[in-house]
Structure formats: structure tokens, C-alpha cells
Amino acid sequence: MKPKIWLSSPHMGGNEQKYIHEAFKENWIAPLGPNVSGLEEDISKYLRQDGKENIEVAALSSGTTALHLALILLGVKGGDEVLCQSMTFAASANPIAYLGATPVFVDSEEDTLNLSPKFLKDAIRDRISKGKKPKAIIAVHLYGMPYKVDEIHEIAAHYEIPVIEDSAEALGSSYKGIKCGTLGEISILSFNGNKIITTSGGGALVTKDENLKKKAVFLATQARDEAPHYQHSQIGYNYRMSNICAGIGRGQMEVLDQRVQARREMNTFYRKIFNDFEVATVHNEPDNDYFCNHWLTVVSFKDHSANYSAEGLRRHMEKENIESRPLWKPMHMQPVFSDAPYYGGTTAERLFQNGLCLPSGSNLSEEDKERILKSIQQYFK
Ligand SMILES: *Cc1c(COP(=O)(O)O)cnc(C)c1O
């Protein structure tokens with residue numbers, strides 16, 4: 001059997017161990033320490049448009065915990081409703097349930113695979129008419145593709161509902177030159193093992209408000225009041241990133257631009273291949289306003305093509321030890337969320353049925369690419 005080609009695997013830059021070594025040397029093994037503040041500064045610098053803009057970053061244990069804290073900071077409580085893109089990874093929606101709030105799912109549109117402005121508006125109007133104004137909107141840049149930022153934020157501003165920008169998959173992407181991760185009232189990033197860069201496991205909360213960052217760090221470190229003893233007047237969490245993980249992150253930030261470049265090249269590679277086949281299209285930026293890190297490249301098959309399908313290609317590649325994966329199964333189709341309200345049509349459902357994520361790692365070799373190319377060509381023979 002040939003070695004496995006993974007969908008998306010960690011890709012170290014080289015300096016990660018240097019930062020970890022420093023942590024060992026200084027005995028900064030406990031959470032907090034110079035790598036944590038160093039990583040926060042690195043991310044902030046990367047996201048800032050000009051030197052002046054204030055971008056505050058709180059390094060946390062995961063993207064999921066960052067979303068949980070973002071919801072708390074926006075005042076979401078039990079019984080509230082939160083709008084959420086249906087087509088996404090479950091981690092976008094689970095933190096709503098942690099708080100005893102109800103997710104209200106919204107369909108996608110085809111250009112970006114993300115929140116449909118039309119159905120978002122329908123959902124907001126209908127929930128308000130039922131007497132419950134949603135407390136927040138969770139908008140996702142799926143597979144690194146920015147959502148329709150102007151339209152979504154215009155709707156959000158009109159109804160005065162804050163946007164939590166789930167940028168877990170979109171570090172390195174931008175919209176009209178503005179970096180993803182800075183577009184929301186609060187934004188979150190993920191450094192899980194399969195993301196564009198990794199800390200082995202980790203995430204961050206990003207905000208322009210210094211006080212919000214302070215509050216996030218306070219809640220993430222067990223909500224300790226200022227006192228020599230341990231005193232608490234609020235429920236806290238143990239959500240901070242460790243100094244060891246942050247060391248990996250510092251090494252990874254040094255090579256982020258290279259990783260984005262390599263993933264974008266994978267997308268070009270696939271577009272060339274699928275140009276020859278009528279039945280399937282590779283997703284790409286709708287226009288020049290969008291810059292996608294192409295964390296994962298997505299190919300969509302036409303409805304009802306007789307001989308070819310996403311699942312057919314997946315199985316074909318699997319036989320050759322090449323990993324590919326269906327798109328995220330929409331949340332309104334998940335058993336665990338079967339009671340949650342949903343606004344939309346069948347776009348997300350069709351995208352799920354017809355789409356496939358192809359191996360997109362920044363560390364795929366020429367030999368890997370050759371195997372992938374042959375496998376796809378063979379499938380269409
Ligand atoms: C990965 C991911 C998350 C969660 O991040 P973790 O660091 O794995 O907790 C949230 N939303 C989306 C869209 C993701 O892909």
C-alpha cells in the first residue's frame with residue numbers, strides 16, 4: 001500500500017522547537033508565560049491593517065472555547081436565541097447549547113457556501129415577529145472563503161445584532177483587503193491540528209476592544225478576583241492556551257504566508273485538473289473582493305450526473321489511500337439539532353450531497369500530487 005495522503009495534516013516550519021526549548025529552559029511549562037503573550041503579539045501584528053489599529057488577541061485552548069467566551073461576552077444566556085450558519089462544523093453551534101440558548105440555523109448561498117443574506121433577513125424578521133430578537137449571529141468563512149461580508153454586516157447593523165465571526169478556517173483570508181479575523185464584533189481563530197497553522201490544539205479570541213480581551217482572559221483563567229487568596233464572584237473557566245502550545249504557534253506564525261501560498265497553489269492545481277471534466281467544478285473566489293486561503297479545496301458535482309458523484313470519487317480515491325471528505329453536514333440535518341428552527345431552502349443540503357473536500361495540505365509533495373492527478377483522471381475514464 002502506498003503511504004496515506006491526508007486531507008490536511010500539520011506542517012511544521014522549523015522554529016517551533018526553539019520556542020518550546022526556551023519554555024523548558026526557563027521552566028515556563030505552566031500555562032501563561034512569554035510564548036503566550038508573544039503569540040498574541042504575533043497574531044495581532046499579522047491582523048493589523050496599519051500599525052495604528054488596535055487588535056487585541058487572547059490565546060485560548062481551542063476555537064470552541066473562544067466561541068463559548070464570545071457568546072458569554074455578548075451576554076447570551078439560557079433561553080436566548082442565536083443565529084448560526086447551518087453548513088458548518090458542529091463546533092460553531094455547540095457553544096450556543098452550552099449556554100442553554102437555542103441555535104436558529106440559516107441556509108447557505110452558492111457563491112461562498114456561507115450565510116445566505118436573504119434567509120438571514122427572513123430569519124431575523126420572523127424571530128422578531130415571534131417576540132424574540134436573536135442575540136448574536138455566528139457567521140463562518142467556510143474552507144477559508146469569506147462570507148458576503150458587506151451584505152451580512154449591513155443586515156446585522158440594521159437590526160443591531162452583533163456578529164461573531166467564526167474565522168477558524170480563514171486565518172490568512174481577507175475581504176476587500178481586510179483580514180478575516182478582524183471583521184466581527186468578536187472573532188475567533190482555531191489552531192487545531194488540521195487547520196492552516198496549528199499549535200497542536202488551540203484557538204484565539206480577537207477583538208478591537210481592550211476591555212473585552214481583559215474580560216476574556218479573566219473568564220479563561222477561572223475568574224479570579226483581585227485578592228491574595230482565591231476569591232470568585234463569577235463562574236470561570238480553564239480555557240487559556242499553555243505556554244508550550246503557544247511556542248508551537250510562534251514558529252507557525254513565521255511561515256503562515258508560505259502556508260497560505262501553498263494551499264492556494266493546491267487550489268490552482270485542482271482547477272486545472274477539473275477544467276477537463278464537465279460534471280464537476282472547483283470552488284473559487286466569486287470576484288476580486290475575496291481572497292481565500294483555500295484551507296480546503298472543494299469540488300462540486302452537478303446534480304444527477306449519471307456516472308459520477310462526489311461519493312464515487314471519494315471511494316475511488318480511498319482505494320488508493322488518498323483521503324478526501326464530504327463537506328460539513330448541515331446542522332439542521334443533524335440528529336442532535338433536530339428541534340432547532342431552520343430558515344432556508346435546500347442549498348446547503350445540495351452542497352453537502354454533491355461536494356467533496358480534496359487533499360489540500362501545504363506539505364503535499366510533487367509525488368503526492370502526481371498520485372492525486374492520476375487517481376482523478378482514472379475516475380473519469
Ligand atoms: C475547527 C473549527 C472550529 C473549532 O475550533 P477548535 O479549535 O477545533 O475547537 C470552529 N468552527 C469551525 C468552522 C471550525 O472549522
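Predicted model: local features only at pLDDT ≥ 70, side-chain atom pairs only at ≥ 80, totals over all residues.
User: OK, and which residues are on each side of β8?
Analyst: I186, I188 and S190 are on one side, while S187 and L189 are on the other. Both faces are covered.

User: What about β5, parallel or antiparallel to β8?
Analyst: Parallel, with 3 bridges between β8 and β5, the strand at residues 163-166. For a specific pair, look at E165, whose bridge partner in β8 is S187.

User: And β9, how many bridges join that strand to β8?
Analyst: There are 4 bridges, and β8 and β9 run antiparallel. β9 spans residues 203-207. Within that pairing, L189 stands opposite A204 of β9.

User: Switching topic: which helix has A310 in it?
Analyst: A310 is in helix α10, which spans residues 310-319.

User: Is A310 buried or exposed?
Analyst: Buried: its relative accessible area is 5%, and the cut-off for buried is under 20%.

User: What does A310 touch, leaving out residues up to four places away in sequence?
Analyst: F301, plus Q353, N354, G355 and L356.

User: Last one: what separation do the C-alpha atoms of A310 and L327 have?
Analyst: They are separated by 9.9 Å, and the two residues are 17 residues apart along the chain.

Definitions and conventions:
Residues numbered from 1 in each chain as written. Heavy atoms only, no water. Buried < 20%, exposed > 50% of the residue type's maximum accessible area, 1.4 Å probe, protein only. Helix = DSSP H or I, 4+ residues; strand = E, 2+ residues; numbered from the N terminus. Pairing = 2+ DSSP bridges. Contact = heavy atoms within 4.5 Å.
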